[in-house]
Amino acid sequence: MAGIALITGASSGIGRATAVALARAGFSLVITGRRQERLAALAAELAPVPVHTLTFDVRDQAAVEAAIGSLPEEFQAIDVLINNAGNAHGQAPIEKGDPKDWDRMMDGNVKGLLYVTHAVLPGMTARQRGHIINIGSIAGHEVYANGNVYCASKAAVAALSKAMRLDLLPYNIRVAEVNPGLVATEFSEVRFKGDTSRAATVYQGYEPLRAEDIADLIQFMVTRPAHVNIAEVLILPAAQASATLVKKEPVS
Ligand code: NDP
Ligand code: 8X3
């Protein structure tokens with residue numbers, strides 16, 4: 001067995017694909033999200049790989065602590081933490097933004113990542129080993145118009161990834177940040193609050209990344225020898241050159 005990996009946001013997109021890839025690579029899994037039925041279906045699909053599901057909202061610190069504290073003994077020694085849960089909510093100029101959306105993004109993408117990390121770290125520091133991969137974004141390194149709070153939340157992930165790498169060095173815990181560009185998942189449906197046709201236009205006229213492309217990268221990163229830390233990666237569709245420059249063909 002390669003170890004135990006806990007993946008947040010495994011009910012969809014990048015987290016789900018990462019669960020599939022790491023199961024194939026020999027990891028036992030703890031998969032988390034709010035949609036229990038999806039997690040249960042994924043666990044059944046991955047059988048006989050040992051998979052434990054945990055249902056919680058990463059914004060609820062008490063729920064995060066209780067869920068991770070409830071892990072059965074055979075899933076407690078987490079080797080790899082993939083801090084993936086997160087979303088954008090809305091895309092509007094700052095003066096028209098909805099503070100409820102701002103809360104969802106800062107509480108989920110930033111504080112949620114911190115809460116999960118806080119719950120997992122005592123075991124990693126005690127064992128003097130671990131590997132944490134934070135899913136940032138190109139948006140955390142390049143602000144774009146109307147991206148304001150989402151970009152800020154991912155800039156915080158970038159700062160926290162660097163800070164965690166410094167602070168956790170004494171414990172032999174590797175910390176890395178993966179920064180995808182455009183990946184076709186449920187991300188835009190969530191951002192545009194269920195407007196599927198608007199969401200679809202984000203991925204039209206070029207070939208976006210697939211969740212499996214990010215999962216491939218993560219699998220590669222977590223299976224490097226213990227002395228190797230691929231600390232920061234920007235991964236883009238070939239048609240994307242920056243947060244806003246995408247070579248699109250006209251859609252007929
Ligand atoms: P999806 O919407 O497909 O998946 C998001 C996942 O996060 C779901 O499993 C969802 O689970 C979980 N999640 C969201 N909010 C919470 C919450 N409050 N509590 C618990 N779980 C939560 O999007 P992606 O797979 O694309 O997104 C995954 C990560 O990748 C995010 O951090 C996103 O910012 C980042 N990213 C995405 C890019 C893209 O273009 N798609 C590009 C760059 C980064 P559930 O709803 O069941 O709780
Ligand atoms: C998701 C990619 O460009 O929509 O982080 O911000 S983008």
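## Getting started

Two strands pair if DSSP finds at least two bridges between them. Helices (H or I, at least four residues) and strands (E, at least two) are DSSP runs, numbered from the N terminus.

This is a predicted model, where local features need pLDDT of at least 70, side-chain atom pairs count only at pLDDT 80 or more, and totals for chains, interfaces and linings use all residues. Residues are numbered from 1 along each chain as its sequence is written, and side-chain values use heavy atoms, with hydrogens and water left out.

## Strand E6 and its partners

Let's begin with strand E6, residues 173–180. On one side, E6 is joined to E9 by 4 bridges, and the two run parallel; here glutamate 177 has glutamate 232 as its bridge partner.

Serine 242 lies in the segment after strand E9 (232–235). Serine 242 counts as buried because its relative accessibility is 16%. Beyond its neighbours within four places in sequence, serine 242 is in contact (heavy atoms within 4.5 Å) with Ile138 and Glu142.

Arginine 198 belongs to helix H7 (residues 196–201). Setting aside neighbours within four places in sequence, arginine 198 touches Gln91 and Phe192.

Key:
Chains are lettered from A and ligands numbered from 1 in the order in which they are written. Buried means under 20% relative accessible area, exposed over 50%, partly exposed in between (1.4 Å probe, protein chains only).
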